[in-house]
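Visitor: Can you walk me through this one? I will ask as we go.
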Amino acid sequence: MAEAQARVTRTGWRGFVRGLSGLILLVLTACTRPAATATATLTLASPTLSATAPPSPAPTPVTFSTPQATAALPIPPPLTVDLPAEVRTLVLLGSDAPAPHLGRTDAIMLVFYHPRLGRASLLSVPPDLYVYLPGFTLQRLNVAYALGGWPLVADTLAYNLGVRPQDFALVHLPDFVYLIDDLGGLELTILSPPPPMCGDIPLGTHLLSGDQVLCYLRVREGEGEIERNARQQQVLEALFLRLVQGGNLVRLPDLYRTYRNSVETTLGLEDLLTAIPLALRLGDPGHLGFFRFSPQALSPYLLSEQPRVSVFLPNRTAFQGEIQDAINYVLTPVPFSARVLTLEYELTISPTPTLTPTPTQTPTITLTPTPSPTLVTTPTPSPTPSLSPTPSLTVTSTLTPTP
């Protein structure tokens, strides 16, 4: 813990924007990226006119590379889902190796979002899902990026989940310690006992350090992949709400410029600048959904006894249906609440990254005359009482109005 805090001290503000903040912000930036528009080209083959329109060209069939090695199990055919054109997709990857090294992606989330309706859903995909890597063989999903980078990840998801994401973002999980500690910790509600290797974290709401949060979202006991996915989504949601509340989104341009060299992505700064309105809409309850596969969609499979290696096989019917559920979530319009107005107001009054003059107190008090009488707290008496020549004593007291 002391070593992690020392690293945070050395990195300062740069540490704040590394790690998961980059992942969250890239969710926001992608959600406003416009879909590519097709352009039609007219070609005249001959000057003769035809009474009938030429047939439309058949869609180009999607092909995948053949395996290079014999698989331990039969390779299933490609999966298909119903993905409307208006729904955009992004995949978020968390690498277990420090930058710039390649490693396994122990956090994989598919993001579906509908820019017009202002809804998004995040589907956690098990890293140990045993799938076909096109051009290779059956293997864990978490090795696809290390073997073939973003192109292989896109092909693998298209083959096995029926979804080819338009964009991706990869961050390195060890950087989470920097992020959480610079935030002063992250408050999480622990509803079930965390893995013992994460230390003594009691049930209830607690402020966790960076090391504790990193362990909390990474460690899996046995085949408890569903529980790990739930913890990852809990951490991601807490950090997302932390960013969209209180006007923190005003810092997005500076944050992007700071962390862009530590995140591998297809997104650019221009995508970020148009993301703020949708980010505020996703902060409204009911517009950002979290999904993960159920036990009915995944079957544990033992690859070897010595050493013991187990993976998950998709049960295709349930697996396909739960992917479709995450897609359908963003297709249903939901009205916005006053919460959006609150987030917009917080953003409007939030301090800007540049220094602005602030009013200071001065010792001079300016009195403003009003038509109503003003009470004077300290009346000024006339000169001290005087004795008249007569035997009687007369005391005169006159109030003099203050200037």
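**Overall fold and one arginine**

Guide: Among contacts (heavy atoms within 4.5 Å) with a separation of 6 or more in the protein, 69% join residues 24 or more positions apart. This is a predicted model, in which local features need pLDDT of at least 70, side-chain atom pairs count only at pLDDT 80 or more, and totals for chains, interfaces and linings use all residues. Numbering runs from 1 along each chain as its sequence is written, and side-chain values use heavy atoms, leaving out hydrogens and water.

Visitor: How many helices and strands does the protein have?

Guide: There are 12 helices and 12 strands, taken as DSSP runs (helices H or I, at least four residues; strands E, at least two) and numbered from the N terminus.

Visitor: What share of the residues is buried?

Guide: Of 403 residues, 42% are buried, meaning under 20% relative accessible area with a 1.4 Å probe, protein chains only.

Visitor: Now Arg119. Where is Arg119 placed?

Guide: Arg119 belongs to strand E3, residues 119-124. Arg119 is buried but has no salt bridge (a side-chain nitrogen of Lys or Arg within 4 Å of a carboxyl oxygen of Asp or Glu). The nearest side chain of opposite charge is Asp284, 8.8 Å away.

Visitor: Which backbone oxygen does the side chain of Arg119 reach?

Guide: That of Tyr329, at 2.6 Å. The backbone oxygen of Gly286 also lies 2.6 Å from a polar atom of the Arg119 side chain.

Definitions and conventions
Buried < 20%, exposed > 50% of the residue type's maximum accessible area, 1.4 Å probe, protein only. Lys, Arg positive; Asp, Glu negative; His and termini not counted. Polar contact = N/O pair within 3.5 Å; in protein donor to acceptor, adjacent residues only side chain to side chain.
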